[in-house]
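Q: How should I read a model of two chains, feature by feature? Please take me through it.

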Amino acid sequence: MIDYCLAGFMAPVYIGTTPQAFLLALPLIAVISVVYKATKMEEIKFAPFVWQVFLLFCSIIVFMVLTAIVLFVFMKLTVG
Amino acid sequence: MTQATAGKFRLPSFGFLFLVGVLGWWIPGAGHWIIGERKRAAIIFISLMFAFVLGIYIGSIAVIDAGTPWYWAQFLASPGVAYLAHLSGSVYHLDSFGKPREIGEIYTGITGMLNLLCVVNAVYLAHCINVKERNK
């Protein structure tokens, strides 16, 4: 029974070193946004909750992209 | 000692907080469920289970390795993680490497840390219930 349940979890999936691999960050960012807002909002109502989650999701992505740009520029200026 | 009430549970305040914390750790969202925050509990359970299952799907259960520091973050998701570590290490002798392992570790580790946040939040909300009961 355990073997059957774990069958899909016994071998890792293939993930290439491609720019598309960064897309795997999106589900995790979504989960972080949802859980964080679920703990922080005083009352859970569908529309405000979804809006707040969306704002946090976008903020995290924007700041990650900005951080990546800053690091890229820093590396170009220092290492070349 | 004051009595805290949530649903049919009636326990001394410290016992109630302890129960909320332990339940929240064993089953993500259960701490919120027991204090009556059903929507929050469902959102937390579904989100954390999704992230954890996606993590072990990407990297296999070999990403739960008791010999790495990530294990302690993963362990915060539930004590059931220890059983998965036992299965992957001692029963099936699995291993995974490279990017899938990294991503799996990040997903499962962050799930554990998010669950810690939820446990702390559930205990805090339970404490607020205790204070409200005391002031009645």
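Predicted model: local features only at pLDDT ≥ 70, side-chain atom pairs only at ≥ 80, totals over all residues.

Q: Which elements make up chain B, and in what order?
A: Start with the element count. Chain B has six helices and two strands. The order from the N terminus is β-β-α-α-α-α-α-α.

Q: What are the dimensions of chain B, and how much of it is buried?
A: Along the principal axes, the C-alpha atoms of chain B fill a box of roughly 55 × 25 × 20 Å. Of its 136 residues, 49% are buried. Among contacts in chain B with a separation of 6 or more, 69% join residues 24 or more positions apart.

Q: How do I read the interface between the chains?
A: The size of an interface is often given as the accessible area lost when the parts come together. Here we count residues in contact instead. On chain A there are 20 of them, facing 29 residues of chain B. Helix 2 of chain A (residues 25-40) contributes the most to chain A's side, with eight residues. By class, chain A's side has 17 nonpolar residues, three polar and no charged.

Q: How are helix 2 of chain A and helix 6 of chain B set relative to each other, parallel or antiparallel?
A: Look at the axes. They come within 10 Å and cross at roughly 5 degrees. An angle under 35 degrees counts as roughly parallel. Helix 2 of chain A and helix 6 of chain B are therefore roughly parallel.

Q: Which residues meet where helix 2 of chain A touches helix 6 of chain B?
A: An α-helix has 3.6 residues a turn, so residues three or four places apart point the same way. Helix 2 of chain A brings Leu28(A), Ile32(A), Val35(A) and Thr39(A). Facing them in helix 6 of chain B are Tyr107(B), Ile110(B), Leu114(B), Leu117(B), Cys118(B) and Asn121(B). This contact has eight nonpolar residues, two polar and no charged.

Q: Which residues touch the most other members of the largest nonpolar core?
A: Val35(A), Val20(B) and Ile61(B) do, in a core of 47 residues. Helix 2 of chain A and helices 1 to 6 of chain B each give two or more residues to this core. Helix 6 of chain B supplies the largest share, 10 residues. Take Val20(B) as an example. Beyond its neighbours within four places in sequence, Val20(B) contacts Gly31(B), Ile34(B), Ile35(B), Ala122(B), Val123(B) and Ala126(B).

Q: How do I check the length of a helix?
A: Compare the expected span with the distance between the end C-alpha atoms. Helix 3 of chain A (residues 46-78) has 33 residues, so at 1.5 Å a residue it should span 48 Å; its ends are 48 Å apart, which agrees. Helix 3 of chain B has 22 residues and should span 32 Å; its ends are 32 Å apart, which agrees.

Q: How many residues of helix 3 of chain A are buried?
A: The count is one among 33, so this helix is hardly covered. For helix 3 of chain B, the buried residues include Arg40(B), Ile44(B), Phe52(B) and Gly59(B). The buried residues of helix 3 of chain B pack against helix 2 of chain A and against helix 2 and helix 6 of chain B.

Q: Is Ile56(B) buried or exposed, and what does it touch?
A: Ile56(B), in helix 3 of chain B, is buried, with 25 other C-beta atoms within 10 Å. Setting aside residues up to four places away in sequence, Ile56(B) touches Phe9(A), Ile61(B), Val63(B), Gly104(B) and Thr108(B).

Q: Where is Pro100(B), and what does it touch?
A: Pro100(B) lies in helix 6 of chain B. It counts as buried, with 22 C-beta neighbours inside 10 Å.

Definitions and conventions: Residues numbered from 1 in each chain as written. Chains lettered and ligands numbered in written order. Contact = placed C-beta atoms within 7 Å. Helix = DSSP H or I, 4+ residues; strand = E, 2+ residues; numbered from the N terminus. Nonpolar A, V, L, I, M, F, W, Y, C, P; charged D, E, K, R; others polar. Core = buried A, V, L, I, M, F, W, Y, C linked by C-beta atoms within 7 Å. Buried ≥ 20, exposed ≤ 12 C-beta atoms within 10 Å, placed from the backbone. Axes fitted to C-alpha atoms, helices over the stretch in contact; angles between N-to-C directions. Parallel < 35°, antiparallel > 145°, perpendicular 65-115°, else oblique. Expected span 1.5 Å × (residues − 1).
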